[in-house]
Amino acid sequence: MSQITLERSNKQEQEMIKTNKVTKTTGFLKVDSKDASLSMAHIYVAFIALFLGGTAGLLQVLVRSGRFELPKGIGYYQVLTVHGVLLGLILTTFFIYGFQIAAVSRTSGTLTPKQRLICWVGFWTMTIGTVMAATMVLLNEASVLYTFYAPLQAHWIYYLGLALVVVGSWIGGLGQALRWMQWRKENPHQTSPLLSFMVVCNNLMWFVATIGVASEVLFQLLPWSLGLVERVDILLSRTLFWSFGHALVYFWLLPAYMIWYVVVPKVIGGKIFSDALARLSFILFVLFSVPVGIHHQLTEPGIAGSWKFLQVILTMMVVIPSLLTAFSMFATFETRGRELGGNGLFNWLKKLPWGDVRFFAPFMGMLIFIPGGAGGIVNASYQMNQLIHNTIWVTGHFHLTVATAVVLSFFGATYWLVPHLRGRTLTKSLNRLGIIQTITWVVGMTIMSSSMHIEGLLGAPRRSTFSDYGGAEIAKTWASYQIAQAVGGTLLFIGIVLFLYIFINLCFFAPKGDQEFPIGTVAENAEKTPAILENFKIWIVILVALLLIAYTYPIYDIIQNAPLGSKGYKLW
Ligand code: HAS
């Protein structure tokens, strides 16, 4: 960003303070208290889900170790559904919205009463949906895992609950986008605040992605579970699910990238390497996150190889923005490390603030994302997918990506966001505990995920327990890995308890004061951001074209050539 743009952004901040769009106390711009309550409401639900889902995770690794049985007839798949739905869908969506609302309010200005009301309606719709779905899972009426593949069937209330979560997220996402649009109207011909722009990209991608899963639930699963239709086309339902499922993982990832690009540079006292590169990377995610879902179906015979190949290529395209991110973050760290006197190939690393959990937690997430991302490229590499598909390698992959890269970034953000919103401060002792929490998480995850990867390569299936192997000889070679997973999983549970202890302290007991919401500024010598990056009309047209190319024929082919059988469910 040029000096002029820098000055302009300072002016924008001054203007926002003058017009009361944000308040400034002891040098920090603060999120308005009404927006803070809205954001915190989301965060409370997220961390209740973390506790319940984490407990289910602990039970799972213990069951898989073969040395523990669930009491009172509770089923393994019931626990696995609680774990997947609460952590994969509820913790993530609610935390992301809590964070994004605060981010928009902090960078574009306080929400208007109407925008805030829209976000509250979204929140309550999502919460009612969550309670409906969770109740059905706890009653063992919906043990269908977080992917709810047919022909596993759940109670209709479960599907309706999930549909409400999706609809609520559309409403809440609209409230956030309206604030950004208002900023654009009030500041014509100016580059919008980077963090708000990123929020809008994430919400746009989410909206497009959820159309597939909403169609699956509304037109296939709900009528089927209500008994209105006898059968559903399984392949179609899986294809609609995965048109959403892979974008879902980027919906989790992008808020972590927001923290990496915008917050971490400020925390370390450095600069955002390039505003344009950050925006380009988000636009690439908008374009390439959705038309790649078939890479989850590479082993399914109902889809022609050529279409699978096309989506494998598109998957490799969606790796590019992550490589851009790795480059940008390295550049930010190296520039700052050298500014502080570091030298040599990697000696500058020592100069980074390792004792500050606001940096340490997301940094460890980035580090673990290197093997996590490499594993993703293995998964996407058509032939290699045959080796790992449906093995516990895949579980290892997503525990490195979502459960470490993303979750550690969310934990790191909680340590400053929650005291900021609650008018408290992150004390030295809570900061130290946060560092211990991060180390516990990394050690636990390294043990658990490495053993999952190795066990997967040895052929162990995912979503199965010791008793499912029926004493098969090969299962004996997996046993020691499952015990390692129980050890790693127990450490992770301790990590959750530690985190929640810090969270509760930050909400209610930490000393009152002002905690900064860190927003980085762009390096002085960075190139000016091209206006085209903010022209969503162009990107939406390209996105629709890509979607039509990637999905029209495969879906036509599925409907045409894989009709329902006359008896029972036609699988392919
Ligand atoms: Fe994945 C399955 C392919 C990324 C999550 N993935 C899953 C499932 C989940 C998941 C939940 O193609 C299981 C779904 C189920 O239940 O069946 N995945 C990929 C690819 C990527 C990828 C190509 N996945 C993610 C992310 C996730 C996630 C992110 C969650 C947040 N995945 C697949 C495929 C399958 C799959 C197949 C299906 C497998 C099957 O057959 O079932 C890529 O986006 C990855 C790109 C990432 C990188 C890493 C870049 C590194 C960065 C960090 C830099 C570090 C720094 C630190 C700067 C290339 C940005 C500085 C360090 C110093 C040393 C100084």
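Residues are numbered from 1 along each chain as its sequence is written. In this predicted model, local features need pLDDT of at least 70 and side-chain atom pairs count only at pLDDT 80 or more, while totals for chains, interfaces and linings use all residues; side-chain values use heavy atoms, with hydrogens and water left out.

Q: Where is His-397 found?
A: Helices are DSSP runs (H or I, at least four residues), numbered from the N terminus. The run holding His-397 covers residues 392–422. That's helix 12.

Q: How many residues surround the ligand?
A: A residue counts as near if one of its heavy atoms lies within 4 Å of the molecule. The closest ones are Tyr-146, Tyr-250, His-389, His-397 and Arg-462. The total is 38.

Q: How far is a polar side-chain atom of Tyr-250 from an oxygen atom of the ligand?
A: A polar contact is a pair of N or O atoms within 3.5 Å. Tyr-146 has a polar side-chain atom 2.8 Å from a ligand oxygen, and His-389 has one at 2.6 Å. For Tyr-250, the distance is 2.5 Å.

Q: Which element gives the largest share of the shell around the ligand?
A: Helix 7 (234–267), helix 9 (305–339), helix 10 (357–380) and helix 12 each give two or more residues. The largest share is 10 residues, and it comes from helix 10.

Q: How are helix 13 and helix 14 oriented to each other, roughly parallel or roughly antiparallel?
A: Axes are lines fitted to C-alpha atoms over the stretch in contact, with angles from 0 to 180 degrees between N-to-C directions. Helix 13 (residues 428–457) packs on helix 14 (residues 475–509) at about 155°, axes 8 Å apart. Angles under 35 degrees count as roughly parallel, over 145 as roughly antiparallel, 65 to 115 as roughly perpendicular and the rest as oblique. That makes the pair roughly antiparallel.

Q: How far apart are the axes of helix 4 and helix 5?
A: Helix 4 (residues 113–138) and helix 5 (residues 156–186) pack at about 160°. They are therefore roughly antiparallel. Their axes are 7 Å apart.

Note on methods:
A polar contact is a pair of N or O atoms within 3.5 Å; within protein, one must be able to donate a hydrogen and the other to accept it, and residues adjacent in sequence count only if both atoms are side-chain atoms.
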